[in-house]
Amino acid sequence: MQFNRPLFALLLLLSLNVQATPFIPGSGKQVLEYLPSRSDPAQREFAQLRKRLSKEPGNPVIASELAQAYINAARNDGDPRYLGYAQAVLKPWWGLQNPPTSALVLRATIRQSTHQFPEALLDLNSVLKQDRDNAQAWLTRATVLQVQGQFAQAKASCMRLYPLAPELITLTCLHNVGSLNGDAENSYASLGTAYKKYEKNADSDAATKIWVMTLLAEMAARLGDVKAAEAWYQTALALASPDSYLLGSYADFLLDQQRPAEVVKLLKDKTRVDALLLRYALALQSQKSTLADAQINLLDQRFEAAMLRGDTVHQREQARYELHLKKRPAIALKLAQLNWAIQKETADLRILLEAAAVHEPEAASPALAWLNQNKLQDMTLNPVLTKLGVKS
């Protein structure tokens, strides 16, 4: 992703009076970050795979295993550094036009995670030319296309999973796309039925359960069924240690329900992840807590560091920060527009509409046209649509 110099210049000009300053600990006893424990199963797995790879540094199979382990950690912990570790492991094959298929799928996955969607699709298409039965490539391709709002193509990729992946994976892929594209009620009901059947399966695993239940919770919330959404979230949270996506999704749900105290309790020990720190700060601000300013200052530093790195992955979160925490709707709208050009999930749509409603209502027109064209059903958008004078 290229560094956006015009945006960086704009942000500097509009925020000269609030530049983040270097953080100086109050004492030598202050904890800055907790390092992973060597007893952590994930850390033990990394160590074992690194040892194997050191003995066979050119082995793409071992390298792919280690890279996949790092990618899994990035997803679970929300720590982008693990994506960098994964890319470093794949360095011998990263720049090749035709790397081994396993490395190519992982390169596409890393590029998807860092919002390099066109590059990810090119890699995935290359994989599928060589191996039409690569289930992971079809699923990742469906994910990328869905995030871009290309729902028909995403569904087509989901359909290719039928003979290749477990039934629940295929149905989740299809119904998740359908829930965003004019078939929300049927998709929610059908996926719920499929999940209940799978739940009784002795081979069911916690990671798949949490993934599906989180999506079901989000579908229920978009349909306005708060009670059902709460139940799905609570069941997912109780099943295993929640990943950062589930925590962020539930925190957003709680914020919409005006339950900031629960967000504070949920996230107070999870603020190493920028997206969770944002939600924690929003909850503290909602409570008018004296702790809010310190968290906002910490976000100042993190977003400034991201801009200096040319990192545009968190533009959606930064737009929320600018609009709701810093009260700078002009910057928020610019960030939301840049983000919307890259990805079109419901949260991307929402922050764009919210920023436009505050600063420049006519800027919402393209997003509203997209909303109508794709027949998205999302009752959480009703408040901002009302502000924009749109009938929901």
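1. A polar contact here is a pair of N or O atoms within 3.5 Å; within protein, one must be able to donate a hydrogen and the other to accept it, and residues adjacent in sequence count only if both atoms are side-chain atoms. The side chains of Glu322 and Arg328 make such a contact at 2.8 Å. Glu322 sits in helix 18 (residues 315-325), helices being DSSP runs of H or I with at least four residues, numbered from the N terminus. Glu322 is buried at 3% relative accessible area (buried: under 20%; exposed: over 50%; partly exposed: in between; 1.4 Å probe, protein chains only).

2. The model is predicted: local features need pLDDT of at least 70, side-chain atom pairs count only at pLDDT 80 or more, and totals for chains, interfaces and linings use all residues. Residues are numbered from 1 along each chain as its sequence is written, and side-chain values use heavy atoms, with hydrogens and water left out.

3. There are 16 salt bridges, defined as a side-chain nitrogen of Lys or Arg within 4 Å of a carboxyl oxygen of Asp or Glu. One of them joins Arg279 and Asp252 (3.0 Å, N to O). Arg279 belongs to helix 16 (residues 274-286) and Asp252 to helix 14 (residues 244-256), so the bridge ties together parts 27 residues apart in sequence. Arg279 is buried, at 7% relative accessibility.

4. Asp300 and Lys326 form another salt bridge, with the closest N and O atoms 3.4 Å apart. Asp300 is in helix 17 (residues 292-309) and Lys326 in the loop between helix 18 and helix 19 (329-340), 26 residues apart. Asp300 is buried at 9%, as is Lys326 at 18%.

Definitions and conventions: Helices (H or I, at least four residues) and strands (E, at least two) are DSSP runs, numbered from the N terminus.
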